[in-house]
Amino acid sequence: MSNISRRSFLQKGTAAAAALTIVPSAVLGKTHGHIAPTDKLNIAGVGIGGMGNANLKNMETTENIVALCDIDWKYSKPVFDRHPQAKKYWDYRKMYDEMGKSIDAVLVATADHTHAMITADAMTLGKHVYTQKPLTHSVYESRLLTNLAKKYDVATQMGNQGSSLAEGVDLICEWIWNGEIGEVTKVECATNRPIWPQGLNAPEKVDKIPSTLNWDLFTGPAKLRPFNKTYHPWNWRGWWDYGTGALGDMACHILHPVFKGLNLGYPTRVQGSSTLLLQDCAPNAQHVKLVFPARDNMPKVAMPEVEVHWYDGGMMPDRPEGFPQGKELMGEGGGLCIFHGTKDTLICGCYGVNPWLLSGRKPNVPQTLRRVKDAMKGGHEQDWIRACKESAGSRVQTKSNFLEAGPFNEMVVMGVLAVRLQRLNKELLWDGPNMRFTNIDPNETIKIIKKDTFEVIDGDPKFKTEWTDPINAQEFAAGLIKHNYREGWKLVDMPR
């Protein structure tokens, strides 16, 4: 376990990053220069027990896995056993400090709340990064990674493999841009998630921390809570400190063709609603509405103001008029998107798979977007590896590189903001460039349910709801937009 200080790591990281700007790439090794396709990258994995395991399987067929890092060595044992030659770490900072010069690229597949730090530190060291979805836990973190991608010119990829799967996302974009469905003013999307527990009161029981788990390192920048088995492994997705609920888990798959196909940027108005909203845990079901302003018209179609609606937890949009009777509305893969155009309605499943028009027409439009084949067999990871081996000046960007995935992820976590601020009881106005809400009064307060229980007395349920004291709403919103990290954890500075 590492005792390296954050200050020491950042000082060394900053020095290394500075060195990259003055030392020829031939001296530094392969990372910043062209790598022959036959050469192998040296890849480090951080967060390898869950989806990281699958990602590594799609990388190790062609590349070297030289270092592995995880906070749970029992959960990660199959990956450690598969790569006995890779050096094992608990703390990614120690791994970067000891092996930074021998690593070309990093896979980040930890819990949502630690994606940004691990990714940002890798980028400042000049490393290519593949980071699982959602890219980050907050709006500010997404903006940071976008700007770091611009500054460091490393190859990046968010792990929403649907952007490379078959050609659904590409087809949807080409159909919309060719004017096949006319102007889109409303999109409705849904998922059948969550499949993990949500809507829970925070556990009061304190469980013994397994010897194979470093709970402090799992917590990272979040508030250090007593350990309970309900948080880890995997079920952390439903807890606000660590995850982003069904939105973060699935919207990065389902909303990608919406964001890309409609050339979306920052929303201007947002509002959310849900089942019981608790302080610590995401609700069982949510509805979010995001309104985006008109964008520049394309050659064959205008881009007017558009409403994007999100539903999860069993909530669904209405069946469009003319939708086949007896046909299930939820699409393939547990996802649905309905693009309401002025000329036709476009419908698809998760990842944009199997797009079709309600009219029955089958568009035949020119192919304008690059395709990646067999994403579920490693194409998404291998496309990133291909980009890592190309020089920055001639690199073909990956299908979900941070220049696109960063702004897109802001849209996703904005939905989380809308839900968590719903008790302000108003549509929130968003200033995207400055990352702030403009209609929350400085003296406005918000109260949140801490705990909700009931007991049956004489056959009658008696409800008991515990609320927080009034919280300054501006300060609370600011903390959701840009997190206040626990002492000892810090993000790199936003590039100017």
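## Aromatic rings and buried residues in a predicted model

The charged end of R237 sits over the ring of W236, with 4.4 Å between that charged end and the ring centre. A second contact of this kind involves a lysine: K88 lies over the face of F80, 5.0 Å from the centre of the ring. The structure described here is a predicted model.

Aromatic rings also pair with one another. A pair of aromatic rings is described by the distance of the centres and the angle of the planes. In this model the count comes to 16 aromatic pairs. Two of the pairs are set out below.

| Pair | Centre distance | Plane angle | Type |
|---|---|---|---|
| W196 and W234 | 5.7 Å | 85° | edge-to-face |
| W215 and F227 | 5.1 Å | 70° | edge-to-face |

The pair of W196 and W234 counts as edge-to-face because its planes stand at 85°, and the cut-off for that class is over 60 degrees. This pair links distant parts of the chain, 38 residues apart. W196 is in the loop between strand 7 (184-191) and helix 9, while W234 is in the loop between helix 9 (215-219) and helix 10 (245-254). W196 is buried, with a relative accessible area of 4%. W234, at 34%, is partly exposed, because buried means under 20% and exposed over 50%.

The planes of W215 and F227 are at 70°, so this pair is edge-to-face. W215 lies in helix 9 and F227 in the loop between helix 9 and helix 10, so the pair ties together parts that are 12 residues apart in sequence. Both W215 and F227 are buried. These two residues also belong to a cluster linked by ring pairs, in which the other members are F218, Y231, W239 and Y242.

Together with Y75 and I195, W234 forms a nonpolar patch on the surface. The accessible area of the three residues together is about 290 Å².

Another part of the model to look at is helix 3, which spans residues 51-59. Its buried residues are G52, N53, N55, L56, N58 and M59. What do the buried residues of helix 3 pack against? Among the strands, they pack against strand 1 (42-46), strand 2 (64-69), strand 4 (105-108) and strand 5 (128-131). Among the helices, they pack against helix 4 (77-82) and helix 12 (379-388).

Notes:
Residues numbered from 1 in each chain as written. Predicted model: local features only at pLDDT ≥ 70, side-chain atom pairs only at ≥ 80, totals over all residues. Heavy atoms only, no water. Buried < 20%, exposed > 50% of the residue type's maximum accessible area, 1.4 Å probe, protein only. Helix = DSSP H or I, 4+ residues; strand = E, 2+ residues; numbered from the N terminus. Contact = heavy atoms within 4.5 Å. Patch = residues over 30% accessible without salt bridge, like charges linked within 9 Å, V, L, I, M, F, W, Y side chains within 5 Å. Areas by Shrake-Rupley, 256 points an atom, 1.4 Å probe, with all protein chains shown as cover. Salt bridge = Lys/Arg side-chain N within 4 Å of Asp/Glu carboxyl O. Phe/Tyr/Trp six-rings, centres within 6.5 Å; stacked < 30°, edge-to-face > 60°. Lys NZ or Arg CZ within 6 Å of the ring centre and 35° of its normal.
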